[in-house]
Amino acid sequence: AANTQYSSPAVESSCNNDDPSPLAGGCNPHRNRIDVPPELLIIILQASLPILNPHSLLEYEMEMYLKNLSLLRLVSRRWRDLVDDTPSLWPVLCSTIPRMVNQTSITRSGEAPVIVYFGSSHITFGRGHSDEHPDGFTELVGSIRDRWKVVWVRMRAAPDAWEYLNSPAPMIEAVHLKWSYPYRPLNLELLGGETHNIRYLDLDCVRIPWSRSEFRGLKHLELSYADGEGLTMDVILDVLANSSDMEYLSINSTAFPVSAAPFLHPIHLPHLRTIKLTNLPGPRIFPLLRHIEAPHCQIIHVIESEPGTNEWLDESIGLFEPLLREMHKRAGGSRLDVAPHSLDWRACLEPWMGNELGFNVSLRSNSFASLLRWVERVVDEADLEDLQMHIHISGETTLADPEVTSILRRLRSVTALHARSQPENGRETVRLLCNPDNPPLPILASLRLLRLDFEDMPAEELLQVLQTRSDGHCNQGGPRKLPDLKVVAELKAQARPVPSKSLPFTAITQIRSLAGVNFTFNRAATSQNGTLAIVWDNEEGVPK
């Protein structure tokens with residue numbers, strides 16, 4: 001095997017051209033040549049074609065696949081015969097390509113399974129687009145319905161395409177139905193109820209009847225606006241419990257009741273790589289996560305739809321809590337933003353892949369204290385390295401809740417504190433950090449960024465807080481190394497290029513003299529007003 005030699009496609013084509021003339025590209029009959037076995041050549045040809053993922057198809061991808069397949073046939077007579085006689089190279093039937101191409105694919109695919117795609121527009125191999133479907137496509141593919149393996153139906157497909165899905169088709173293993181019209185979902189009796197062979201189920205605004213024994217052995221379950229008759233939390237858990245090979249789970253904007261009786265057994269899904277629970281209320285998200293054991297999950301997206309009750313935030317989500325922490329470590333860090341009504345925690349394992357690998361947890365709540373309790377229990381107590389935790393103080397009464405201030409004082413992993421938007425937030429935030437008669441608060445030891453509105457910033461109190469931070473922290477009997485802290489005083493955009501409030505130069509100078517503290521001003525961008533210079537009164541701290 002180590003001595004095997006391969007010829008390039010150009011050499012292969014020339015050496016297998018029956019015409020030896022130079023114009024025909026024939027090769028010298030006295031020249032040595034290597035005959036590639038047909039089986040190996042087929043593998044090479046397949047590898048040269050665009051990859052077709054039958055569960056993530058776009059119309060132009062199928063068009064490019066067939067174009068490249070046609071080009072391979074032009075290389076040589078041998079290549080043409082191999083391509084024409086290999087049924088697995090002709091799996092695609094699509095309503096957005098010419099009828100003649102589909103007829104050719106049906107003939108050359110023999111008895112092999114096919115992918116049937118009812119698209120939403122007519123693409124004629126570069127000759128423009130049309131909303132009209134090729135005449136007779138449904139009838140054309142309907143004649144070989146016993147060979148359908150993967151079926152795609154888009155919203156604007158011909159009406160008779162949907163009718164084909166109401167009757168049994170035992171060969172179908174994957175259905176991707178994209179009605180994509182949430183305000184008028186489509187009701188469908190999927191395959192006449194004979195769905196035991198389906199392994200990939202993808203419904204978008206399509207409602208089907210559900211029962212406990214409807215689906216078993218699924219690998220891919222994707223529901224979007226797909227609440228149908230009989231769909232409950234118990235049915236979803238039953239489907240998962242009977243689908244040990246599940247690899248992908250996504251539920252978006254789908255309503256289903258939650259049973260009061262708990263599901264008794266955890267569901268172990270060793271092959272599950274992706275979980276996306278988006279635009280669902282918390283009482284539906286957390287029971288699902290608590291019952292699933294997916295130790296090898298690589299993508300987790302949890303996005304709650306709207307603020308609601310807060311009890312579920314205090315409940316454990318089982319193995320997903322340590323899994324999120326483990327994914328944070330694998331990603332080399334993550335960012336957590338907590339505001340009075342929202343929480344967003346994100347980590348990306350491969351940033352150049354569009355934030356796909358990793359996790360994204362977005363929660364909504366009417367209670368800031370509930371979100372902070374979740375952060376303290378799941379994140380802060382774990383002492384995660386390379387965690388960026390940003391706390392956003394906004395709203396008029398954010399710090400009026402004693403529980404909120406108590407939790408904030410205890411947090412040990414906060415790296416940034418933003419106090420803006422409302423009067424008094426900056427002053428109350430500085431007072432929150434002040435603890436003159438006791439050891440410095442844990443939050444001060446990890447803080448790297450403090451952002452305040454200058455108009456609301458008590459400079460003298462801030463100086464006291466920062467001095468306490470620098471002087472009072474000790475770790476195991478020795479001075480604790482503190483991260484550098486950047487303090488940003490935000491100036492409002494206004495016509496005058498100076499703040500309306502007098503600058504407390506003495507306090508600011510002392511703040512800037514502290515080791516590891518960087519104090520800066522930041523002004524919102526404004527248009528130029530022609531001012532060339534300002535004469536400053538050092539005694540009064542105002543412009544003359």
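Start with helix H16. Select Thr506, Thr509 and Ser513: these exposed residues sit on the face turned away from the buried side of H16. Exposed means over 50% relative accessible area, buried under 20%, and partly exposed in between (1.4 Å probe, protein chains only). Helices are DSSP runs of H or I with at least four residues; strands are E runs of at least two, and both are numbered from the N terminus.

Now select residues 505-513, the whole of H16, and pick out its buried residues, Ala507, Ile508 and Ile511. They lie on the same side of H16 because they cover an arc of only 95° around the axis. That arc is taken over the directions from the helix axis to the C-beta atoms.

A note on what you are viewing. This is a predicted model, where local features need pLDDT of at least 70, side-chain atom pairs count only at pLDDT 80 or more, and totals for chains, interfaces and linings use all residues. Residues are numbered from 1 along each chain as its sequence is written, and side-chain values use heavy atoms, with hydrogens and water left out.

Zoom out. The protein chain has 16 helices and 27 strands. Of its 544 residues, 49% count as buried.

Next, the largest cavity. Select Phe286, Leu289, Ile300, Val302, Ile317, Phe320, Leu324, Val361, Leu363 and Trp374, which line it. A cavity is a set of points on a 1 Å grid over the protein atoms alone where a 1.4 Å probe fits but cannot get out; lining residues have an atom within 4 Å of a point. The volume is about 60 Å³, meaning the space filled by probe spheres set on the points, with grid points joined across faces, edges and corners. Color by element: helix H9 (282-291), strand S15 (299-304), helix H10 (320-331) and strand S18 (358-364) each supply at least two lining residues.

Last stop: Leu277. Find it in strand S13 (residues 274-280). Is Leu277 buried or exposed? Leu277 counts as buried because its relative accessibility is 1%. Show its contacts (heavy atoms within 4.5 Å). Leaving aside residues up to four places away in sequence, Leu277 touches Ile251, Ile285, Leu288, Leu289, His301, Val302 and Ile303. Leu289 and Val302 also line the largest cavity. Finally, draw a C-alpha to C-alpha distance from Leu277 to Glu222: 10.0 Å in space, 55 residues apart in sequence.

Note on methods. 1 Å grid on protein atoms, 1.4 Å probe; cavity = no way out; pocket = protein on both sides within 12 Å on 5 of 7 lines; lining within 4 Å.
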